[in-house]
Amino acid sequence: MTALTLSTAAAAGLRADAIVVGVAKGAKGPIVAPGAEPVDQAYDGRLAAILETLGAVGAEGEVTKLPAPTGFRTPVVLAVGLGAAPESDGTYSAEALRHAAGCAARALAGAKKAGIALPVAGPEAVGAIAEGTLLGAYTFDGYKGKGQNGGKKGDRGGAKGGKNAKGPLAEATLLGVNPREAAAKAALGRATTVCEELNRARDLINTPPNDLAPEAFAALATTAAEEHGVKVKVLDEKALAKGGYHGILGVGSGSSAPPRLVRLTYRHPKAKRSLAFVGKGITYDSGGISLKPPNAMETMKCDMSGAAAVLATVVAGARLGLEVNLTGWLALAENMPSGTALRPGDVLRMYNGATVEVLNTDAEGRLVMADAIARASEDRPDALVDVATLTGAMVLALGHRTFGVMGNDDAFRTAVHETAEAVGEASWPLPMPEHLRKGLESATADMSNVGERMGGALAAGLFLREFVGDDIPWAHVDIAGPAFNEGSPFGYTPKGGTGAAVRTLVHLAERTAAGEVL
Ligand code: BES
Ligand code: MN
Ligand code: ZN
């Protein structure tokens with residue numbers, strides 16, 4: 001990941017590949033944002049005019065490169081658009097800064113060092129610019145070119161960057177911030193930790209499914225967690241059978257790679273609250289016997305994004321030393337068709353004892369999640385959040401950038417939605433209409449795994465609700481839309497795995513530790 005520092009050095013003297021400045025949409029053309037004053041002065045106060053000549057308007061995400069002023073030790077000044085002019089107090093929103101820093105970092109892929117002279121009004125701005133930079137700079141190109149091992153047999157690359165890859169911006173320094181200022185230092189430290197874990201989630205999501213079967217995921221999760229003092233327990237297929245986890249086992253039964261259930265535990269001695277996170281970890285979703293059409297399968301390595309987000313959240317929470325107890329559950333299985341696979345018509349006895357008739361093997365996420373949610377409920381957490389790329393219907397409802405939030409407790413669901421808003425993640429609350437519960441009835445078993453097609457995302461939520469322990473506040477986060485970016489990169493969001501929900505869940509843990517929720 002990009003190495004990020006704070007500095008009060010003068011822009012002119014910085015040895016780097018580029019100095020990043022901000023430009024916003026003024027009433028009469030582009031305006032240069034605070035932080036860039038020394039750069040502007042070196043252009044004789046003409047930076048805004050020069051940018052206007054070059055066609056810049058200050059639109060969000062706009063990147064304009066110009067030769068640095070005489071005497072500068074960097075060859076280039078990179079002006080990045082901040083969008084609308086600032087609030088009346090002259091400050092920019094955290095999300096505008098995050099977005100702009102992300103665009104700048106992405107435009108600087110392959111560069112060694114950048115000086116960032118964006119407006120830093122306080123620690124919140126430092127955190128936002130740091131996050132934007134660290135997330136926007138992310139690349140995943142270990143599978144390009146010859147790979148890590150010179151293309152030898154068994155060389156499957158890695159996330160660090162293959163030989164033919166540009167790699168991320170190596171180093172950046174936020175100018176205008178005293179590295180000894182405690183609040184700024186803390187904001188940078190927090191951002192670095194969260195982004196390291198979020199980028200770990202992205203690496204896992206982007207890793208091809210032939211390199212990330214449940215066992216491999218569990219092993220990587222174990223290493224990451226133990227490195228940071230998080231306790232890990234992995235249930236293998238034998239333990240799952242002994243425990244009666246037939247939802248997870250059923251989904252995994254078609255694959256030659258057996259399923260796993262991973263429990264991550266972080267405890268703080270002063271914690272007053274506990275949160276459980278449950279993540280969907282389908283390492284590949286072919287649909288099973290209810291096979292998906294080829295185009296719908298192309299991105300289905302992303303079907304473990306919920307589990308990746310839960311791992312990132314618990315490890316980040318531990319690294320930040322949050323005063324809250326966190327338990328993460330990763331429900332890992334590969335959904336494949338075969339002679340041993342689940343059939344439409346099979347009945348499974350789930351972990352909580354309820355029976356489910358599997359009418360569509362492509363509705364596998366709710367089966368693995370149901371077992372994990374029921375198990376997580378046994379620990380009686382103060383609240384439970386599940387995260388899953390659960391339904392295509394959610395993508396139809398909210399598109400590719402917004403995740404849906406449902407739940408059994410309006411206040412808790414609202415808290416999750418508002419927490420997402422606070423960190424710059426788009427989400428929206430959705431209802432769980434009781435009348436849709438009828439569609440989940442089965443002639444043979446207690447329930448069917450599919451309900452009415454219309455409102456499919458809500459029916460999936462209703463299915464999961466059945467497995468939540470009594471009186472546990474629960475929120476269901478369906479990230480099927482934003483988990484994986486099939487389009488072009490934007491802001492601090494790269495192509496591929498995005499790390500959706502990680503920043504929301506980490507902040508929810510922070511807010512819970514602070515007694516702001518529950
Ligand atoms: N993993 C998919 C949902 C999905 C779709 C995630 C698109 C990301 C992008 C899930 O397992 C699935 O296949 N759901 C089915 C459920 C249906 C059979 C009731 C769906 O949404 O079509
Ligand atoms: Mn599916
Ligand atoms: Zn799935």
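## Close-up views of a sheet and a ligand site

**View 1. Strand β15 and its two partners in the predicted model.** Strands β15 and β16 pair in the parallel sense, over three bridges, and within this pairing Phe403 stands opposite Ser427 of β16. With strand β18 (residues 474-478), strand β15 (residues 403-407) pairs in the antiparallel sense over four bridges, and here Gly404 stands opposite Asp478 in β18. The model shown in this and the following views is a predicted one. Pairing of either kind, parallel or antiparallel, is made through backbone hydrogen bonds between the strands of a sheet.

**View 2. The two faces of strand β15.** Five of the five residues of β15 are buried, and both faces of the strand are covered. Phe403, Val405 and Gly407 are buried on one side, while Gly404 and Met406 are buried on the other.

**View 3. The open sheet that contains β15.** Eight strands form an open sheet with mixed pairing, in the order β8-β9-β11-β10-β14-β18-β15-β16. Strands β8 (231-235) and β16 (427-429) stand at the edges and each has a single partner strand, so one side of each is left without a neighbour in the sheet. From one strand to the next, the twist averages 20 degrees.

**View 4. Helix α6 against the sheet.** Helix α6, made of residues 214-227, lies across β8, β9 (260-266), β10 (274-285) and β11 (325-335). The helix runs at about 160 degrees to β11.

**View 5. The surroundings of ligand 1.** Ligand 1 is surrounded by 15 residues, of which the closest are Lys292, Asp303, Asp362, Glu364 and Gly392. A polar side-chain atom of Asp285 lies 2.9 Å from an oxygen atom of ligand 1, and a polar side-chain atom of Glu364 likewise lies 2.9 Å from an oxygen atom of the ligand. For Asp303, a polar side-chain atom lies 2.9 Å from a nitrogen atom of ligand 1. The protein covers 76% of the 520 Å² of accessible area that ligand 1 has on its own.

**View 6. Asp303 and its contacts within the protein.** Asp303 is found in the loop between α9 (294-297) and α10 (305-319), and with a relative accessible area of 2% this residue is buried. The side chains of Asp303 and Thr389 are joined by a polar contact of 2.4 Å. When neighbours within four places in sequence are left aside, Asp303 is in contact with Lys280, Gly281, Ile282, Asp285, Glu364 and Thr389.

How values were computed
Residues are numbered from 1 along each chain as its sequence is written. Chains are lettered from A and ligands numbered from 1 in the order in which they are written. This is a predicted model: local features need pLDDT of at least 70, side-chain atom pairs count only at pLDDT 80 or more; totals for chains, interfaces and linings use all residues. Side-chain values use heavy atoms; hydrogens and water are left out. Two strands pair if DSSP finds at least two bridges between them. Axes are lines fitted to C-alpha atoms, for helices over the stretch in contact, and angles run from 0 to 180 degrees between N-to-C directions. Contact means heavy atoms within 4.5 Å. A residue is near a molecule or strand if one of its heavy atoms lies within 4 Å of it. A polar contact is a pair of N or O atoms within 3.5 Å; within protein, one must be able to donate a hydrogen and the other to accept it, and residues adjacent in sequence count only if both atoms are side-chain atoms. Accessible areas come from the Shrake-Rupley method with a 1.4 Å probe; for residues, only the protein chains shown count as cover. Buried means under 20% relative accessible area, exposed over 50%, partly exposed in between (1.4 Å probe, protein chains only).
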